[in-house]
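Please look at the sequence and the model below before reading on. The briefing comes after them.

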Amino acid sequence: MRSRINDFAIKLANVNGTGSASANGLMMQAIFRMGIPVSGKNLFPSNIQGLPTWYEIRVNKDGYTARSLEYDLTVAMNSQTYARDIRELREGGYVLHDSSWPLDPALVRDDVTFIGVPYAQLCNDNFREPRERTLMKNIAYTGTLCALLNVDMEVVGGLLKEKYAAKKALHESNDRALRLGYDYARDHFPCPLPFHLETMNANSDKILIDGNTAIALGCVYAGATVAAWYPITPSTSAMDAFKGFCEKYRKDPETGKNNYLILQAEDELAAIGMVIGAAWNGARAFTSTAGPGISLMNELLGLAYYAEIPAVVIDVQRVGPSTGMPTRTQQGDILECAYASHGDTKHILLFPSNPAECFEIAPKAFDLAERFQTPVFILTDLDIGMNDWVVPRLQWDESYQPDRGRVLTSEDLEKLPKFTRYSPEDENQVAARTLPGVHAKGSFFTRGSGHNKFGGYTEMPEEYREVMDRLVRKHKASAKFVPPPIIHRRAGANFGVITVGGCDMAVREALDCLAGRGVIADFMRIRGFPFDDNVQSFMDTHYFCFVVEQNRDAQLRTLLTLETRVPKEKLRSILVYGGFPLSAKHVEDAILRALGEVEKPVHAVPVPEIHIEE
Amino acid sequence: MPSIAKPVATHPSLQRNDLGLTIRDYEGAMSTLCAGCGHDSITAALVRALWEQSVQPHMIAKLSGIGCSSKTPTYFVNGAHGFNSAHGRMPPIATGANAANRELVYIGISGDGDSLSIGLGHMCHAIRRNVRMVYVIENNGVYGLTKGQFSASADIGTKSKKGERNRMAPIDSVMLGLSLGATFIARSFSGDKQQLVPILKAAIAHRGFALIDVISPCVTFNDHEGSTKSYLYTRQHELRAIEADFVPPASEILAHIGQNGAVSVTMHDGSAILFKGVPPDYDPTDREKVYAYLEEHHGKGEVVTGLLYVDESVPDLHEMNGTPDTPLTRIPYQKLCPGSAALDKLQKAFR
């Protein structure tokens, strides 16, 4: 086998609750520190201890680090899933397993190489405590991987030292376990394997961060002071991170007081209510949740929409419907968020594709919510939110000032003959609001019941419609302010591929691969809703487009057909919704398969060449 | 219609409060509730209490959920900020509002459907957080806007207008509040303004969640024979157990203390509640004694009214969370944003 440098994928199969997650994360972090593009995907169960859990690491010198489905090496540490894990390995791959016990001959494959290391035995011989014996097996196989994959032992040693700086005994046992696995491999097998690592310098301006941490940091920088939430996987770590950052950055140096207030609500209905109450008073307030939480928030989201109160809602999407699979990823809340609540409602949606964008988009979300006096959703997902990603170092623009929208000051009100809440509107269909307690003239009655353009109660058809019609114009006006789509065009493209959020990396990789085979496509990643003119013209300028998303019902495609003039037949779905992150192979295979079938759509209007931008 | 305005002309001899405002300045729009509705009497008591306390109208936030009770914020203090939200959800909205701006005076108006059914959980948690607000439950034992269904406060055996008997045990907000650690609990009767006004004034001064359950008969759907929330029944069974006076911060407090049987509780702002005519075995600061007293008299079929329990020692939402005295909404952005240097430093840990 020819040697392959910095281009392979490994899968680590473990039992959850045995300490494997931290060992696997350590491995990924070591590769990151070696300057190599890398990704780590934690595919964990909704459980505390005993169920199968996997961790996948992909390294790719060219920066393609979406999930790979082609595993070169499987670390099979979970007998419950041996059969599946060994079956999924690519031809010519390697299986690393615990040889303290004989392997079932039925599992053996002729086309792969089995590497057995007696981890249980090694750890029993070297460690006394039962818990330690279990935990150290993970570090021992990490040591073996270092030998097999040529991981810089100094880097790993350094990481262990940092991690256990305050726990000398733990550091000593970890170091010993690492050595046990490393030395055993060096003594018994040819190291490294044909595919392995070599130090690069691709990460000097990169960081390793998960989306929940990044979005929480973004909320701190945006100036959010009130946060309300109800714990729910996979968004919990976002609020945990917000709390951590607030403790670090928001304690007043002079008074020692907390310039923030985090409310752990009794449920999501209350969480969004608290956000609305705080924003009504003028605070930047947000909640973080997942699909089931959005379901509960629907009622009050309609109130915020109709009464025109800003709110920022972070939805870290997981697999639905119902409880679904809480620890698996999906993009299943697009329609739920776009039209949340009863009656006619439409909301602003933002779709970051990685943790760096999570950080950048948070202040934008607050700006939009206050500018348009309405709820704004940031839709991430479990893959973005909970996995560590290698992303460009975060930047902060010191000149940023929050856009508080049209809020009348005490001086403004002093000059005003009379304040009315919902008129007159500006060019973006937004009327000025006042904050309670600012000025006697600013008082008004906020209500979720029928109101006219002056804020007064009404049940009159024309008065009701006047406000509702402005609201839909306001939503439309916000299209110019949401982030435009990212569009990559290629010379000679025959069709377009549209995608959203965390699918970004896999789709771009797939299009590069397809281009290599002569199948040329343009790319568009949606970043916001309502859709702007760029979205419409991208679809107009292609005979047909694939829409790649992670849900069963083609929710993005539905939204595009409902909210643009695109003929339905022009959009063809590629849907991957089993709960694991998207891989380029999913997309590539689906497009190739579909191209065999796609005929020129009946309703597609031939597009004059002049419309095609390059 | 609530938009029907009352005449604004006021008689020059009308008394003015410390802000130079007359009681008319604390009124709201014309009530659209049924003639004789108990809620309107509560509104009148609120108007008086807020006027007597000289609360700046625009510093008042009046919030409600949905139901007959929740319409009433429109009927008092036109100059206040109002928020008529969604059914049962007023407590979280008030909590968030209070979190953002602690300087306003929060008046929450709710009903027995709003607070004891659809919003029960929210009310309980607002009590636990000790959100500083006046929380009035206008309790009539019935759903008025949907025409006469029993509410969760309906007593066992009480009869609906159509003659149906309620068989389920009621949720008693006073007993619930006691068990949840509420720091201010009162029960009153909408027909007894004399008792209600001082309770409301004390509630405004209380630093924490002030729960006031007011029996407020529904003249249309629950004022008939066989109802336990009618005017007649309440008048016949009311036990005005505890007389309380609110004493503003001043030396006159001393003048009152020392009278026979009087107990006084000093409030956070230096004002005081003077309890007069307290039964010998009663102590409005002793949760267990209050509980026992209420249980005993409830067993006799009596409706005990008065300012039943006060605890000024419990920290409120803001004290529990260590927030500054300045409202969070007034902290300048520069103080909230850690800046780019801090971001660079922080990211050294993300390697």
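Predicted model: local features only at pLDDT ≥ 70, side-chain atom pairs only at ≥ 80, totals over all residues.

Residues are numbered from 1 along each chain as its sequence is written, while chains are lettered from A and ligands numbered from 1 in the order in which they are written.

**Contact between the chains**

- Chain A puts 56 residues into the contact and chain B puts in 49 residues; two residues are in contact if their C-beta atoms, placed from the backbone, lie within 7 Å.
- On the side of chain A that touches chain B, the elements giving two or more residues are β9 (206–210), α7 (211–222), β10 (226–229), β11 (261–264), α9 (268–280), α10 (291–307) and β17 (445–447) of chain A.
- Helices (H or I, at least four residues) and strands (E, at least two) are DSSP runs, numbered from the N terminus.
- With nine residues, α9(A) gives the most to this side of chain A.
- By class, the residues on this side of chain A are 30 nonpolar, 17 polar and nine charged. Here Ala, Val, Leu, Ile, Met, Phe, Trp, Tyr, Cys and Pro count as nonpolar, Asp, Glu, Lys and Arg as charged, and the others, Gly among them, as polar.

- An open sheet of eleven strands with mixed pairing runs in the order β17(A)-β2(B)-β1(B)-β3(B)-β4(B)-β8(B)-β7(B)-β12(B)-β9(B)-β11(B)-β10(B); two strands pair if DSSP finds at least two bridges between them.
- β17(A) and strand β2 (residues 81–84) of chain B run parallel and are joined by three bridges. In this pair, A:Phe445 stands opposite B:Gly82.
- Within chain B, strands β9 (residues 238–247) and β12 (residues 303–310) pair in the parallel sense over four bridges. B:Ile242 has B:Gly306 in β12(B) as its bridge partner.

**Helix pair in chain B**

- α1(B) and helix α7 (residues 193–205) of chain B pack at about 50°, with their axes 9 Å apart. Axes are lines fitted to C-alpha atoms, for helices over the stretch in contact, and angles run from 0 to 180 degrees between N-to-C directions.
- That angle makes α1(B) oblique to α7(B): angles under 35 degrees count as roughly parallel, over 145 as roughly antiparallel, 65 to 115 as roughly perpendicular and the rest as oblique.
- The contact of α1(B) with α7(B) has nine nonpolar, one polar and four charged residues.

**Helix pair in chain A**

- Helices α3 (residues 119–126) and α4 (residues 130–149) of chain A pack at an angle of about 120°, with their axes 9 Å apart. This makes α3(A) oblique to α4(A).
- Residues in this contact include A:Tyr119 and A:Leu122 of α3(A) and A:Met136 and A:Tyr141 of α4(A).
- By class, seven are nonpolar, one is polar and two are charged in the contact of α3(A) with α4(A).

**Domains of chain A**

- Chain A is divided into domain 1 (4–196), domain 2 (209–392), domain 3 (410–469) and domain 4 (486–611); the bounds come from an automatic or database domain assignment.
- The centres of domain 3 and domain 4 of chain A, taken over C-alpha atoms, are separated by 42 Å.
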